[in-house]
Amino acid sequence: MDLQPTFHNKIALVTGSGRGIGKAIALHLADCGADVIVNFLKNQAPAEETARQIREMGRRAIVVQANVAKEDDITRLFGAIEETFGGLDFFISNAASGFNRPAMTQKVMGWDWTMNVNARSFLFAAQAAVPLMEKQGGGCMVAISSPGSHRVMPDYVAVGASKAALESLTRYLAVELAPRNIVVNAVSPGLVETDALNFFASLKDSNTIPNAIANTPAGRLVQPEDVANVVSFLCSPAAAMIRGQVIIVDGGYTLIVPR
Ligand SMILES: NC(=O)c1ccc[n+]([C@@H]2O[C@H](COP(=O)([O-])OP(=O)(O)OC[C@H]3O[C@@H](n4cnc5c(N)ncnc54)[C@H](OP(=O)(O)O)[C@@H]3O)[C@@H](O)[C@H]2O)c1
């Protein structure tokens, strides 16, 4: 039985989709039939490569540079979507960034940057997405969170707080947007080997990844495609009664109490 949803004639925005998990989500939604808006901040070449792969599948793709932390950029991004596609069905808030350091040495600039990219962006991009989704008769939003929203990870205070805010926004938007036929949820992946991990000095030269595998009941690290599968399920009619939830995709890692 083929469980892959069908998204023909659907239009999807995936922020931060040139690399990592965002790229896997963009390719998966395209593989299900959706046209995709690929967004990046600084790295154009990988974003163009994501779009090339989507077009190779016979789908439409545009690439839009935009810093999701900036209101003007959000306006320009959604303007480009309206101009090219006329509407939007799926908004996947995946882009994230962070100044990782201990709480006692965190800076105002690092806090503001992290909160604005990871959390504030979801609220204001959602405001811009709603009119485009209403044109389609409704839509789905999925925010990509992290276990740092409720667990304490090294140097992760700003990102953790931003992800907690993101999960709270998910619940508020799920309730407020339900009457407009817009479904809002979040996905929280366990450790996924992407470029993001290179910024965690504590992960380099350590046993973090082998330990994570050893402590994951499913026996392996989460792959970007595992996250993409759950995102596309949450965008499908089969998930219509899941609202405002944070779905953990970690192979059971957080179930185990360390001895
Ligand atoms: N990797 C993990 O282990 C893990 C675990 C749990 C949750 N997550 C979450 O999963 C999501 C994706 O993570 P990842 O590991 O795939 O990240 P990544 O490899 O670092 O990629 C981040 C993506 O976000 C884009 N981006 C960053 N800041 C942006 C901004 N201000 N505006 C627009 N785009 C921006 C980057 O664009 P450029 O290419 O232009 O820089 C890049 O495409 C994030 O929300 C992250 O918190 C990851």
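**Close-up 1. Aromatic pairing between F7 and F90.** Three aromatic pairs are found when the whole structure of this predicted model is searched, a pair being rings of Phe, Tyr and Trp (its six-membered ring) with centres within 6.5 Å. The rings of F7 and F90 have centres 4.7 Å apart and planes at 70 degrees, so this pair is edge-to-face (planes over 60 degrees apart). Because F7 lies in the segment before β1 (11–14) and F90 in strand β4 (residues 90–93), the pair ties together parts 83 residues apart in sequence; strands are DSSP runs (E, at least two residues) and helices likewise (H or I, at least four), numbered from the N terminus. Both F7 and F90 are buried (under 20% relative accessible area, 1.4 Å probe, protein chains only).

**Close-up 2. Aromatic cluster of F78, F91 and F122.** F78 and F91 form an edge-to-face pair, 6.2 Å centre to centre with 85 degrees between the planes. F78 lies in helix α3 (residues 71–85) and F91 in strand β4, so the pair ties together parts that are 13 residues apart in sequence. F78 is buried at a relative accessible area of 5%, and F91 is buried at 1%.

**Close-up 3. Contact of helix α4 with helix α5.** Residues of α4, including W111, F122 and V130, meet residues of α5, among them A158, L166 and L177, contact meaning heavy atoms within 4.5 Å.

**Notes.** Residues are numbered from 1 along each chain as its sequence is written, and side-chain values use heavy atoms, without hydrogens and water. In this predicted model, local features need pLDDT of at least 70 and side-chain atom pairs count only at pLDDT 80 or more, whereas totals for chains, interfaces and linings use all residues.

How values were computed:
Phe/Tyr/Trp six-rings, centres within 6.5 Å; stacked < 30°, edge-to-face > 60°. Buried < 20%, exposed > 50% of the residue type's maximum accessible area, 1.4 Å probe, protein only.
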